[in-house]
Amino acid sequence: TSELSTSLDLDRVLNRALELVVEAVEADRGAILLVDPQTERLIQRASLGSPRRLPPRGAPTPFRRGEGLAGWVIAHKKPAIVPDIHHDPRWVDNGQPRSYRSALAIPLIVGDEAMGVLLLFHREADRFTEDHLRLVEAAAIQVANAINNAELYRLIREGAERLGAMLKKIQVEAAKSQAILEGVADGVMVTDNTGHVILFNAAAERILNTPRQQIIGRSIEELLGLYGTAGRSWVALMEQWMQEPEEMLDAETQYLEERLEIEGRVVSVHLAPVHMEGEFLGTVSVFRDITKEVEAERAKSEFVSTVSHELRTPMTSIKGYADLLLLGTAGRLTEAQERFLRIIKSNADRLSDLVNDLLDIGRIDSGRIELERQAISVAGVVEQVMESLRRKAEEKGLRLRSQVAPDLPPVWGDSARIIQVLTNLVSNAYQYTPPGGEITVEAERQGEMVLIRVRDTGIGIAPQDQEKIFDRFFRADHPLVQEIRGTGLGLSIVKSLVEMHGGEIWVESELGQGSTFSFTLPIAQEGEAPPPAPPEDEGEAAHEQPDNGRGPRVRRVLIVEDDPDIANLLGHHLEGSGYQTIIAHRGQTALTLARRLHPDLITLDIRLPDMDGFELLQSLKEDASTTDIPVVIVSILQDKQKGLRLGAVDYLTKPIDEGRLLHVVDQILESKGSILVVDDDRDTVALLEQVLQERGFTVLAAYRGEEGLALAREHQPDLILLDLKIPGLDGYTTLTRLKEDPTTREIPVVVMTASLTEPERHREKVLALGASHFLTKPFAIEMLLEEIERLMENVMEGKRTA
């Protein structure tokens, strides 16, 4: 018994047990059969008295559980004494001679499971007795326990071997991973789910200039002490993930891209979480030294800025003086002179467009274009683009049509960029459609997107060119295309802008039949939609006097009055004094026209059919695009204080006094003031002096920053036009000192620049410093004058209020 229980070698246990039992009962032959748990087949694992030698791990028999004498004993878990196997029905002949007569079969049981059988045979019949049975049963219990111990040992040994192999494999993989991490050029830092650093490779030591001994084992809170504000967002996001791992796991994508400035170097860091099967395991931060790339990009930006500045500065003078001559400032022009000037202006515009396209391409490539997304009415964008090109189209003999679905939801995007996309497509259709043709802009909903199409009946595009039409600098080999000047950059920029909005653009065309350019834009989320564009039917259309575009700009007054007779009377009084008038009979129509046309003044009736006039006044003053338009209330209601409190500049009551009306309007619109121009380009200064003096402004000029500051303190001008690139104190420093000085702090400043490498950064910086507006050179004279006059009206209004 002790010999069996101390051995864990199964074959040795079975053979020794069988040997002892056969000897004890003086059997002629013995065998031990075990059940294969996978197949239920009986396997002969030990044999004594048989001439055949068993192979390692035994030999299978033709019997399964429940078959033959051995199978019956295992299935029933009962021993059997067989006096004569020749007459026992449980015995199954296997085809071999029967040299044995009596048999004893004992099940090997552990717990409730029979795992095998011990068989003993003798040549004499009726050889085995009950005493033999009891002896063998006692031995079978020990054999079964020994088998169970050996099997447990085998399982433990095999498990240990597998675990050892697995651990070895893990160690090998870990060694490989460690070698890779130590060999890569990028720095890698890994934290566990408690926020402690567990890995910091050699590249991270080099890039962050910190030995790993100072990092390994430290918490992320301590990293902020090492890298200060430069790593604030990086460390803050890691802390957030540690504190709220569930929210991070719910998000589809979580990562951070940040730049750290460390000891004069720029390091990019990419942070991502690590999770497996819903469990947050920690974070991985990858570092890369991008100082050289940033310096190269900065050098490129400075080069483009310098070149664009040097191009834009002379173009400002060329365009400005051409505009002045075309306006008749130097006297009447002959037909030839006018033609030559228009050629000059056209080519200056072309050069300006080329610079703008190249700068757009550069900003797209470097990822510096930032979209100012908001909910946008597609109908409003289409109307604005169509109106801006309608005169040119009519002069060429083209029909412009638009078909916008009435229930079209607003789109989510950058208004200026969407207008740029649509203007480019409609302009291309205009250029490549012969006289008598038609251009149609359509807009409809398509799932969660809005589909916009620009159709034309133009020359069309060959199939082989359609694949390349959005490539940079590509221009189709068509006589009309080659005849029209262009850079081949417009459609490439359009494609990039559409894709930045999350949309797609494509073209369908047949040579000689026309083209259709289609693009999609995402629909704005609910609750972010702008007010719908008001209908302009049933007499709601605005009435506007034509402006021939020659001579000084005629002041424009928007009359908001529901009574047509009173509206016409107001228009008659104002037009008789030289003002241009626009009439709107409903509040929503007036709001749309004010945003689109930006009139110089608005007369407002309080009783309107669709909204209260005070409500309209409040909307005008809350909208950044209309807040600077002076509003004069003309109403039968006696509520002057409420009107002035909401932002009206004056309050007239009906019936209308013509003299009083004209006096108020003249006082608001015709007041002039002084303007200081600070620019080192003398041609630009001379141009601005002439234009502004013709409009009745007093002009002071300075060519250096220090000189501009001195003149501003001495003369207290009403407005300052300031160029950024001036000698001495640059524009930023000059602006800062103007806003720091109590004597000049309140003077509005319009910043001008010919550098457009990073327009949004320049704009944000100067506006943050206190500038009122930001303009890029070259600018159209009319656009500049409109901006100056809007600002001066605010200044004059402030003086009147004071």
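Start with the open sheet of this predicted model: 6 strands in the order 3-2-1-6-5-4, with antiparallel pairing. Strands are DSSP runs of E with at least two residues, helices are runs of H or I with at least four residues, and both are numbered from the N terminus. Two strands pair if DSSP finds at least two bridges between them.

Select 59–64 and 80–82 next. These are strand 3 and strand 4, which stand at the edges with a single partner strand each, so one side of each has no neighbour in the sheet. Direction ignored, neighbouring strands in this sheet are turned by 25 degrees against each other on average.

Move to residues 29–35 and 113–122. Strand 1 and strand 6 run antiparallel here, joined by 6 bridges. Pick Ala31 and its bridge partner in strand 6, Leu119.

Then select residues 10–25. Helix 2 lies across strand 1, strand 2 (41–48) and strand 6, at about 60 degrees to strand 2.

Finally, show the whole protein: 25 helices and 29 strands. Of its 802 residues, 46% are buried, meaning under 20% relative accessible area (1.4 Å probe, protein chains only).

Residues are numbered from 1 along each chain as its sequence is written. Local features need pLDDT of at least 70 and side-chain atom pairs count only at pLDDT 80 or more, while totals for chains, interfaces and linings use all residues; side-chain values use heavy atoms, leaving out hydrogens and water.

Terms used:
Buried means under 20% relative accessible area, exposed over 50%, partly exposed in between (1.4 Å probe, protein chains only). Axes are lines fitted to C-alpha atoms, for helices over the stretch in contact, and angles run from 0 to 180 degrees between N-to-C directions. Contact means heavy atoms within 4.5 Å.
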